[in-house]
Structure formats: structure tokens, C-alpha cells
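Thanks for coming, everyone. Let me put the chain on the screen and walk you through it.

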Amino acid sequence: MGFALLGFVGYARARRRGLTRSKCILRDTRLVLTYLAVLALAGLAAIAWQLYHLFT
């Protein structure tokens, strides 16, 4: 989750500065941002799931 958030922040800053194409396989920075957001949310859900089962 941490690396996804770090990547998201980096790509968001680059997008604000005018980057529209990426060298990664997704090419469009909007797709990269969406992908990283989904990864971060999945990580957060997994952490929440583990905490829920730890305390119940």
C-alpha cells in the first residue's frame, strides 16, 4: 500500500506539471493513477480485514 501511495503522489505531481504519457505499459498517466489508486485501496482493505479478524 505504501509504494502504491508513493507512486500515486509522484504521478499526480507529474501530471499536474504536464506529463500525459508514461513509459510504463499503461502509457496514459490517468490509467496509471487509477491502477495505483486501486492497489492502494486493495492494500487498505486487506489491512482493515486483518485488523477486523485480529480484534474479533
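First, a term. Buried means under 20% relative accessible area, exposed means over 50%, and partly exposed lies in between, with a 1.4 Å probe and protein chains only. This is a predicted model: local features need pLDDT of at least 70, side-chain atom pairs count only at pLDDT 80 or more, and totals for chains, interfaces and linings use all residues. Residues are numbered from 1 along each chain as its sequence is written, and side-chain values use heavy atoms, with hydrogens and water left out.

Now the overall picture. The chain has two helices and zero strands. The radius of gyration is 14 Å, well over the 10 Å from the globule rule for 56 residues, so the chain is more spread out than a compact globule. That radius is taken over C-alpha atoms, and the rule is 2.2 Å times the number of residues to the power 0.38. Along the principal axes, the C-alpha atoms fill a box of roughly 45 × 20 × 10 Å.

How much of the chain is buried? Of the 56 residues, 18% count as buried. The chain exposes about 4,600 Å², and carbon and sulfur atoms supply 69% of that. Those areas come from the Shrake-Rupley method with a 1.4 Å probe.

On to helix α2. Helices here are DSSP runs of H or I, at least four residues, numbered from the N terminus. Helix α2 covers residues 29-55.

Which residues of α2 are buried? They are Thr29, Val32, Leu33, Leu36, Ala40 and Gly43. The buried residues of α2 pack against α1, residues 2-16. An α-helix has 3.6 residues a turn, so residues three or four places apart point the same way.

Look at Thr29 in helix α2. Thr29 is buried because its relative accessible area is 0%. Contact means heavy atoms within 4.5 Å. Leaving aside neighbours within four places in sequence, Thr29 is in contact with Tyr11, Arg15, Leu19, Thr20, Arg21 and Ser22.

Next, the loop between α1 and α2. Arg21 is found there. At 56% relative accessibility, Arg21 counts as exposed. Not counting residues up to four places away in sequence, Arg21 touches Arg27 and Thr29. Arg21 and Leu39 are 18 residues apart along the chain, and their C-alpha atoms are separated by 20 Å.

Arg27 is in that loop too. Is Arg27 buried, exposed or partly exposed? Its relative accessibility is 42%, so Arg27 counts as partly exposed. Phi of Arg27 is near 65°, a positive value in a residue other than glycine. Most residues other than glycine have a negative phi. Beyond four places in sequence, Arg27 touches Thr20, Arg21 and Ser22. The C-alpha atoms of Arg27 and Gln50 are separated by 34 Å, with the two residues 23 apart along the chain.

Last, charge pairing. A salt bridge is a side-chain nitrogen of Lys or Arg within 4 Å of a carboxyl oxygen of Asp or Glu. By this rule, the count comes to one. Arg30 forms a salt bridge with Asp28, and the closest N and O atoms are 2.7 Å apart. Asp28 counts as buried, at 18% relative accessibility.

Definitions and conventions. The expected span of a helix is 1.5 Å times one less than its number of residues.
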